[in-house]
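Open the model in your viewer and keep the selection tool ready. Each stop below says what to pick and what you will find there.

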Amino acid sequence: MVSVSLPSDQPSGVWFLFIPLALSLLGLTFVIISFFLLKRSKDPFHCIIFFLAIAEWCRAFWWMITYFFDIHNQLVCSAQAFGIEYFTIASWLWAFLFAVKLYASNILDRDLRHISVFHLVAWGVPGVICVVCAVYGSYGITGYWCWINYELFQILFGDCLLALLLACELFIFVVISWHLFAHQSFFAQLRQSRSMATFRMNLFLLVPVISWGWGIADRLVLVITGREVIWLQIVHGQATALQGFLNAVIYGWDPDLRMRWTIFMKKRRGSFSSSHMDIQDASRKPLLSGHPGDRHHHHPHHAQHSLSEYYFSSDHENAPPVDFDPNKYYDMPIEDRD
């Protein structure tokens, strides 16, 4: 039965996850809307982020079922358990595939554009796992939620799979960070727009580690000591529920995204031409990240600066011609830009 409050026989402590789940839903909705309105489908990295956002949004939605439905209803419980399990594993796999794509582009210098294979893995593997759990009747109430209540499957399809994926993502994060900052200082590298973009994308690999690492620690403490640590369970629940919000924050910390939203809003107001933008006006909008002084001290031989940096600099002598189309430029994949 649908209700606006938690069923009376449910523990009231479950409400401590409502706010982080709501924040994740709002942040992921922003990511999904941005992908469609700003037409970012040509960039494979943003395509993966989009499908990761879809999986995380659906996972948070199925978690929220607890607040509005009675999970003691067998149909509701089975649906929630299936939904949480399927989209949780899908989000893990999309995050892992994003790490693989980032590693291939930055370390192996290979362009993996076979997104169809990514779809097969990210949507197919969770489906097989969920069918196996359903056939064995492994779904049921586990505390505040409905999930797998068969411990062997919890270990195989939860702890072991998660630990393997997190280890791979953490390894790739360390390798890419070393590749970025081994030869130059941290801030010197971040002044370069391409290095900044790679650094920002690399942060996506830390989100699953931060969100789910507490769950691994919680399980280890339970296995080793045989006792449940309340504060660790609370941090685990909060961090897991905030995964989508953390990804949305990193996604929003993208000057390219802010540039696209600026163009989109100006078009909506009818004050922006589809093929031209006034450079003098743009130079007063410091939208790009990096050292503030870099926008006013460009030099012609600084080849490491991208075309976008020159476009938003005040050095109009080295700026691109007035027929430069920012829409076409920002539709290009990041690795193909000047």
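The tour starts with the whole chain and then moves from stop to stop.

**Whole chain**

Bear in mind that this is a predicted model. Colour by secondary structure: the protein has 14 helices and two strands. Now colour by burial. Of the 338 residues, 48% are buried. The accessible area is about 16,700 Å², and carbon and sulfur atoms supply 68% of it. Contacts are worth a look too. Among those with a separation of 6 or more, 72% join residues 24 or more positions apart.

**Stop 1: E169**

Select helix α5, residues 151-181, and find E169 in it. Is E169 buried or exposed? It counts as buried, because its relative accessibility is 2%, below the 20% cut-off. Show what surrounds it. Beyond its neighbours within four places in sequence, E169 contacts W92, A95, F96, A99, L205 and P208. Next, pick the side chain of E169 and the backbone nitrogen of F96: the side chain reaches that nitrogen at 3.3 Å. Then draw a C-alpha to C-alpha distance from E169 to F204. It reads 9.5 Å, across 35 residues of sequence.

**Stop 2: two salt bridges**

How many salt bridges does the model hold? The count is two.

Stay on α5 for one of them. Select D159 and R219, whose side chains meet in a salt bridge with an N to O distance of 2.7 Å. R219 sits in helix α8 and D159 in helix α5, so-called distant parts of the chain, 60 residues apart. D159 is buried, at 18% relative accessible area.

Now select R200 and D254. They form a salt bridge too, with the closest N and O atoms 3.2 Å apart. R200 belongs to helix α7 (residues 193-203), while D254 is in the loop between α10 and α11 (255-268), so the pair ties together parts 54 residues apart in sequence. Both R200 and D254 are buried.

**Stop 3: I250**

What does I250 touch beyond residues up to four places away in sequence? Its partners are R200, L203, F204 and V207. I250 and L203 are 47 residues apart in sequence, yet their C-alpha atoms lie 7.3 Å apart. I250 counts as buried because its relative accessibility is 12%, under the 20% limit.

**Stop 4: helix α9**

Select residues 230-241, which make up helix α9. Next, highlight L232, G237, A239, T240 and A241, the buried residues of α9. Which helices do they pack against? Show α1 (18-37), α2 (44-68), α8 (206-225) and α10 (243-252) to see the partners.

**Stop 5: a surface patch**

Finish on the outside. Select V117, L120, V121 and V125, which form a nonpolar patch on the surface. Together they have about 320 Å² of accessible area. Zoom in on V117, in helix α4 (residues 115-135). V117 is partly exposed, with a relative accessible area of 44%. An α-helix has 3.6 residues a turn, so residues three or four places apart point the same way.

Note on methods. Residues are numbered from 1 along each chain as its sequence is written. This is a predicted model: local features need pLDDT of at least 70, side-chain atom pairs count only at pLDDT 80 or more; totals for chains, interfaces and linings use all residues. Side-chain values use heavy atoms; hydrogens and water are left out. Helices (H or I, at least four residues) and strands (E, at least two) are DSSP runs, numbered from the N terminus. Buried means under 20% relative accessible area, exposed over 50%, partly exposed in between (1.4 Å probe, protein chains only). Contact means heavy atoms within 4.5 Å. A polar contact is a pair of N or O atoms within 3.5 Å; within protein, one must be able to donate a hydrogen and the other to accept it, and residues adjacent in sequence count only if both atoms are side-chain atoms. Patches are made of residues with over 30% relative accessible area and no salt bridge: like charges are joined within 9 Å, nonpolar side chains (Val, Leu, Ile, Met, Phe, Trp, Tyr) within 5 Å. Accessible areas come from the Shrake-Rupley method with a 1.4 Å probe; for residues, only the protein chains shown count as cover. A salt bridge is a side-chain nitrogen of Lys or Arg within 4 Å of a carboxyl oxygen of Asp or Glu. The expected span of a helix is 1.5 Å times one less than its number of residues.
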